[in-house]
Amino acid sequence: MNELTSFWSGWIIVISLGSIFGSFILLSVVRKGQRFNSETEQTMGHEFDGIEEYDNPLPRWWYWMFVMTVVFALAYLALYPGLGNYKGLLGWTQESSYEREVAKAEAEFGPMFAQFSQTPIEELAQNDQAMRIGQRLFANNCAQCHGSAATGSYGFPNLTDDDWLYGGDAAAISQTILNGRIAAMPAWGPMLGEEGVHNVSQYVLSLSGKETDVKAVQKGQQLYATNCLACHGAEGKGNHLFGAPNLTDNIWLYGGSPQQVMQTIRNGRNGQMPAWEGILGKDKAHVVAGYVYSLSNQ
């Protein structure tokens, strides 16, 4: 963690200690000359709804409780970091505390994950205990994009169907989770022009059985063969090697309306899934791969 500059470190120290000592001084000044058990008929000089406030000293328990909070605050700031760049007498840090918790968890659960890692993903997907753990790992790390039910959302694929950009076998899923994926479709608008974008979109929509303009489809088919066939294939079935989607199944990552398809062709798309090996480790990633594999092979 980067340290604060000398100015800001000093500013925090002054504000923190000044607040503590200032509160204690104020308490002492207010109490000066008063005894705990003394009572007076003198009031504070204001009245509301017939109620007046006497000018009596604070109760003994309240005063000493306040003194104890001051002592506790000073002791805490001496032991733990809280005064700018001062690290505290105990040397405690959030990082070291987190690392201890992680090390404790690894010592307790590491052997279990190591055992799971020796099981093929296809078999692991039948292990109820492993799948319950995989579901929790998925919820903590993957649900933010793919949803808690793994059904995906706009720009994030559904993991419960049989439509896979990079392949849905165990090896492909494992590689996707471990290494991540970077997908890019170029923007064809500058090359095709607006009319060409419209014609290609009509042809693409026709591949999935949608109602289209016949003349535009014929023109779009020629443009598709020249510009799109290399990735999506002659029949529009896609290519797992490039992550090129199947255009014939009516499953659309960015929407399948004419306007959305035209936007995809015109402006291109860029998607990235991060690599999880460095975050989860191979053993946990193996369990997550088993869980994801189970979603579409139940």
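These legends walk through several views of one predicted model.

View 1. Welcome to the predicted model. Along the principal axes, the C-alpha atoms fill a box of roughly 100 × 55 × 45 Å.

View 2. Where do the domains fall? The domain assignment places domain 1 at residues 6-92 and domain 3 at 188-270. Domain 2 is made of two stretches, 98-182 and 274-296. Between the centres of domain 1 and domain 3, taken over C-alpha atoms, there are 71 Å.

View 3. Of the 298 residues, 31% are buried. The chain exposes about 19,200 Å², and carbon and sulfur atoms supply 57% of that area. Among the contacts with a separation of 6 or more, 60% join residues 24 or more positions apart.

View 4. Now zoom in on α7, which covers residues 170-179. Seven of its 10 residues are buried, so this helix is largely enclosed by the rest of the structure. Which residues of α7 are buried? They are Ala 170, Ala 172, Ile 173, Ser 174, Thr 176, Ile 177 and Leu 178. Several elements surround them: the buried residues of α7 pack against the helices α4 (121-124), α12 (277-280) and α13 (282-295). They also pack against the strands β3 (181-185) and β4 (269-273).

**View 5. Phe 242 in its loop.** Our last stop is a single side chain and its neighbours. Phe 242 sits in the loop that links α10 (229-232) and α11 (258-267). How exposed is Phe 242? Its relative accessible area is 46%, so Phe 242 counts as partly exposed, a class that lies between the cut-offs of 20% and 50%. Leaving aside residues up to four places away in sequence, Phe 242 touches Tyr 166, Ala 230 and Cys 231. With Cys 231, the separation is 11 residues in sequence and 6.8 Å in space, C-alpha to C-alpha.

How values were computed
Residues numbered from 1 in each chain as written. Predicted model: local features only at pLDDT ≥ 70, side-chain atom pairs only at ≥ 80, totals over all residues. Heavy atoms only, no water. Domains from an automatic or database assignment. Buried < 20%, exposed > 50% of the residue type's maximum accessible area, 1.4 Å probe, protein only. Contact = heavy atoms within 4.5 Å. Areas by Shrake-Rupley, 256 points an atom, 1.4 Å probe, with all protein chains shown as cover. Helix = DSSP H or I, 4+ residues; strand = E, 2+ residues; numbered from the N terminus.
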